[in-house]
Amino acid sequence: MENIQKALAKYWGYDGFLPSQRQAMECINRRQDSIVVLPTGGGKSLCFQAPAVVMPGLTIVVSPLISLMKDQVDALTECGVAAARIDSSLLPEEQNSVMTQIQNKTLKLLYLAPERLVSDSFLRILRRAELSFIAVDEAHCVSMWGHDFRPEYRQLGILKKVFAGVTIGAYTATATEKVRADIGEQLYLQDPEMIIGSFDRPNLVYKVRQRTDKIKQVCDVLDRHKGESGIIYCIRRKDVEAVCAELSSKGYNTAPYHAGMMAERRKNNQDDFIKEKVDTIVATIAFGMGIDKSNLRYVIHTGMPKSLEHYQQESGRAGRDGLEAECCLFYSAGDYGIWKSLMRDMEPEAYKIALVKLNQMYSYCTGGVCRHKAILRYFGQDLEKDDCAACDICLGQLDCVENSLETAQKILSCILRLGERFGGSYTASVLVGSRDKRITQNEHDTLSTYSLLNDYSQRTVHDWIEQLVGQDYVEKTGEYNVLKVTEKGWHVLRGKQSPRLLKPARRPAKVSKIARDSWEGVDRGLFEALRRLRSTIASQKRVPAYVVFGDRTLREMARRRPSTSEGLLETRGVGEKKLQQYGEAVLAAIRDYCLANSLEMDV
Ligand code: ADP
Ligand code: MG
Ligand code: ZN
């Protein structure tokens, strides 16, 4: 482990481990098979890369996508690690050069797609190479129970036979029990150690709002992140085109991405995004897998995803560098209906499961529970603290109405007076005293609960009904989502339990603590100057910007403002290779900026 720590400092410029990394590396050291489940951004790659560097021989990394392999190999090469990939996009001479490196045993890591690894010709070559370890990345692809099953991954079962003595590690962000067990079985792992990290992502600030004015709500988020990278997810392709067009016309630097576009245009847009020529990608969920861009500062959903698994995956693409990032979800009751109608043709069994997941997603949106807690609970984990300090609820951006209990009782009584035969929209109209023709025709304007909440808008009351549904006080039944009071709801009517009804924020929003900390002492102007330098270097070298330096590293440079190589080397994310390549340019940029702005250096 000592050697590994030295390598971390030397090649990556890191001074320690992220949670579970050490444990995962120790397994490799003592040659024990392992299954490592860490959330997106949890630092899975380093778990096998760092041991690979210090062990004698070659580590094979199995990965499902060319873009993922390319990203990691580029990043490793930048750090000065001997890594390569073989895939269909390589020219014959490039491929030959990698083969030579394998034969000469100069390579530490080799990235391959599963079908290539298990091909006879390749197995023959690798039998002659000295293998230190096999890492199966995105290992959930092996399982039909995962969300991204790939038949090629099934063939990896032969590895334990062909390379009997070689340890295997499987890495994934997919947490369900079934998938985990399946990975072990399919790969014939021997008594694998399960390493399951916390699924909490404390640096993500979750916010959920009803969708009222989509473009305005999206622009508000974008305006908080000028010039920074992020994704806007839409449910349908036509929404992608519409949102993207409107944002462009307002001067935002966006590009669309969905499966219906010409492959070339899609790829160009993706490349422009990775190279930071485009700030914001507007996309369907077709976008994301294979994007390891670590400095996404926001992920916006303009519609509700169909499950919390999806939401966790998509929002999880933000803030992989551990710095604060915002995940904003704008939903409407209509999204529920859209998904339900899209699911209509499913097999009955699958439909039932999908509907449960959809309902859980909806409860997340409308419920008044801490977002971090709610997501963790869904994955069977618990949040230790009561205040996450990083969600709209805990930050007090949405506060509760003072008389929640009384208001809830009015709503519940109205549902009962209506004979539990009407939906949310109608019930809300009755409560606010609407003169709607349907209501007068039904003579519901004569009910004692008519107009009981006439101080509020129909929208607000409808929201509260959704919140009561989210907290299980009311349920929606049948095709028309007719409201019924649940047993829990009866406790409220008897005054034994009080629901949480939210009102929209009025007081100014608190800044999250993580945001304050990580910008503490950072000179924003210098940060911008370093970002420009990074972008120039990246386009010269034709690598993504974050491969050169992460945002965290730039912030630290702009905070400490080192004047010497030694000082620069102390910065997290700067190893010897990077110092040698960019040290001079970075030090010059810092010096120029500090002189011009009379700023103190070596803070
Ligand atoms: P995953 O594959 O689990 O989604 P990655 O391997 O892509 O995550 O790592 C996510 C981010 O964490 C990367 O930006 C990486 O540089 C950073 N990281 C990983 N390990 C460390 C560490 N020990 N110290 C600091 N940053 C780290
Ligand atoms: Mg990964
Ligand atoms: Zn919270």
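Helix axes are lines fitted to C-alpha atoms over the stretch in contact, and the angles between them run from 0 to 180 degrees between N-to-C directions. Helices are DSSP runs (H or I, at least four residues), numbered from the N terminus. The model is predicted, local features need pLDDT of at least 70 and side-chain atom pairs count only at pLDDT 80 or more, while totals for chains, interfaces and linings use all residues. Residues are numbered from 1 along each chain as its sequence is written, chains are lettered from A and ligands numbered from 1 in the order in which they are written, and side-chain values use heavy atoms, with hydrogens and water left out.

**Exercise 1. Describe how α11 packs with α12.**

Step 1. Helix α11 spans residues 214-223 and helix α12 residues 237-249; their axes lie 11 Å apart at an angle of about 60°.

Step 2. Angles under 35 degrees count as roughly parallel, over 145 as roughly antiparallel, 65 to 115 as roughly perpendicular and the rest as oblique, and α11 and α12 are therefore oblique to each other.

Step 3. The crossing of α11 and α12 is right-handed, a term used if the near helix is turned clockwise from the far one by less than a right angle.

Step 4. Contact (heavy atoms within 4.5 Å) joins Lys214, Ile215, Val218, Cys219 and Leu222 of α11 to Val243, Glu246 and Leu247 of α12. These residues divide into six nonpolar, no polar and two charged, where Ala, Val, Leu, Ile, Met, Phe, Trp, Tyr, Cys and Pro count as nonpolar, Asp, Glu, Lys and Arg as charged, and the others, Gly among them, as polar.

**Exercise 2. Work out how α3 packs with α2 and with α1.**

Step 1. Helix α2 (residues 21-29) meets helix α3 (residues 44-54) at about 45°, with the axes 9 Å apart, which makes α2 oblique to α3.

Step 2. On the α2 side the contact is made by Gln21, Ala24, Met25 and Ile28, and on the α3 side by Leu46, Cys47, Phe48, Ala50 and Pro51; eight of these residues are nonpolar, one is polar and none is charged.

Step 3. Helix α1 (residues 2-12) packs with α3 at about 105°, with the axes 9 Å apart, and the two are therefore roughly perpendicular.

**Exercise 3. Identify the protein donors of the zinc ion (ligand 3) and the geometry of its site.**

Step 1. Donors are N, O and S atoms within 2.8 Å of the metal (3.2 Å for Na, K and Ca); here they are the SG atoms of Cys370, Cys388, Cys391 and Cys394, 2.3 to 2.4 Å from the zinc ion.

Step 2. The angles among the four donor atoms are 105 to 118°, and the site is tetrahedral, a term that requires all angles to lie between 85 and 135 degrees.

Note on methods
Four donors count as tetrahedral if all angles lie between 85 and 135 degrees; four count as square planar and six as octahedral if opposite donors are over 155 degrees apart and all others between 65 and 115; anything else is irregular.
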